[in-house]
Amino acid sequence: MPGTSFALVHLDVPPVTSGLAVGALVAGIASVLVSFIVGCFGLLGAQDGWGVWVGGAFALVAGVTGGAGVLLGWLGMRQIRRAVSPPAIRFTGRGIAISGIACGATGLGLTVVGLALASLIQVTA
């Protein structure tokens, strides 16, 4: 402070990208990729009778990663929205969190469609 013997320092802390948002995006993309594997194995083995079993095993993985993408994206949005006082760390990455939620939900939807289609083909074959 000018005119006194005391000094005041305010360090500027740069914003940090939310790790929860990045994790949501990674899990969401993994869910979409694994859901394509569900559909491929489900359709490939539907005639022989093993498609739904193998597709179902991969559907569990796709469901867990899709749910994790949605949950982590939601938690990341909460972390980013939270108001903090100036010396604390401010988080960014709202778009990444939204993309993680969208990819996770898409992966869950593709998993359900792929498994249902494989089951339908196997039952009718």
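Student: Is Cys103 buried, partly exposed or exposed in this predicted model?
Tutor: The relative accessible area of Cys103 is 22%. Buried means under 20% and exposed means over 50%, with partly exposed in between. At 22%, Cys103 therefore counts as partly exposed.

Student: How does Cys40 count, buried or exposed?
Tutor: Cys40 has a relative accessibility of 53%. The cut-off for this class is over 50%, so Cys40 counts as exposed.

Student: How many disulfides does a search of the whole structure find?
Tutor: A disulfide needs two cysteine sulfur atoms within 2.5 Å. The cysteine sulfur closest to that of Cys40 is in Cys103, and at 18 Å it is too far for a bond. Over the whole structure, the number of disulfides found is 0.

Student: What reach does helix α1 have from its first C-alpha to its last?
Tutor: Helix α1 covers residues 19-44 and has 26 residues. At 1.5 Å a residue, the expected span is 38 Å. The value in the model is close to that, at 37 Å.

Student: Which helices are included in what covers the buried residues of α1?
Tutor: The buried residues of α1 include Ala21, Ala24, Gly28, Ser31, Val34 and Gly42. The cover over the buried residues of α1 includes α2 and α3.

Student: Which element contributes the largest share of the nonpolar surface patch?
Tutor: The patch has an area of about 370 Å² and is made by Ile29, Leu33, Phe36 and Leu110. One of these, Leu33, is exposed, with a relative accessible area of 52%, and lies in helix α1. The largest share, 3 residues, comes from helix α1.

Student: Which residues does Phe58 contact, leaving aside its neighbours within four places in sequence?
Tutor: Phe58 is found in helix α2 and counts as partly exposed, at 31% relative accessibility. Contact here means heavy atoms within 4.5 Å. With those sequence neighbours left out, the contacts of Phe58 are Val34, Ile37, Val38 and Phe41.

Student: How far apart in space are Phe58 and Val16, C-alpha to C-alpha?
Tutor: In sequence, Phe58 and Val16 are 42 residues apart. Their C-alpha to C-alpha distance is 34 Å.

Student: What do the buried residues of α2 pack against?
Tutor: Helix α2 has 31 residues and reaches 44 Å, close to the 45 Å expected. Among its buried residues are Gly51, Gly55, Ala59, Gly66, Gly73, Met77 and Ile80. The buried residues of α2 pack against α1, β2 (91-92) and α3.

Student: Which helices do the buried residues of α3 pack against?
Tutor: Helix α3 covers residues 94-124 and reaches 45 Å, close to the expected 45 Å. Its buried residues are Ala97, Gly100, Gly104, Gly107, Thr111, Gly114 and Ala118. They pack against α1 and α2.

Student: How far apart in space are Asp48 and Ala125, C-alpha to C-alpha?
Tutor: Asp48 is found in the loop between α1 and α2, and is exposed, with a relative accessible area of 61%. In sequence, Asp48 and Ala125 are 77 residues apart. In space, the distance between their C-alpha atoms is 9.0 Å.

How values were computed
Residues are numbered from 1 along each chain as its sequence is written. This is a predicted model: local features need pLDDT of at least 70, side-chain atom pairs count only at pLDDT 80 or more; totals for chains, interfaces and linings use all residues. Side-chain values use heavy atoms; hydrogens and water are left out. Buried means under 20% relative accessible area, exposed over 50%, partly exposed in between (1.4 Å probe, protein chains only). Patches are made of residues with over 30% relative accessible area and no salt bridge: like charges are joined within 9 Å, nonpolar side chains (Val, Leu, Ile, Met, Phe, Trp, Tyr) within 5 Å. Accessible areas come from the Shrake-Rupley method with a 1.4 Å probe; for residues, only the protein chains shown count as cover. A salt bridge is a side-chain nitrogen of Lys or Arg within 4 Å of a carboxyl oxygen of Asp or Glu. Helices (H or I, at least four residues) and strands (E, at least two) are DSSP runs, numbered from the N terminus. The expected span of a helix is 1.5 Å times one less than its number of residues.
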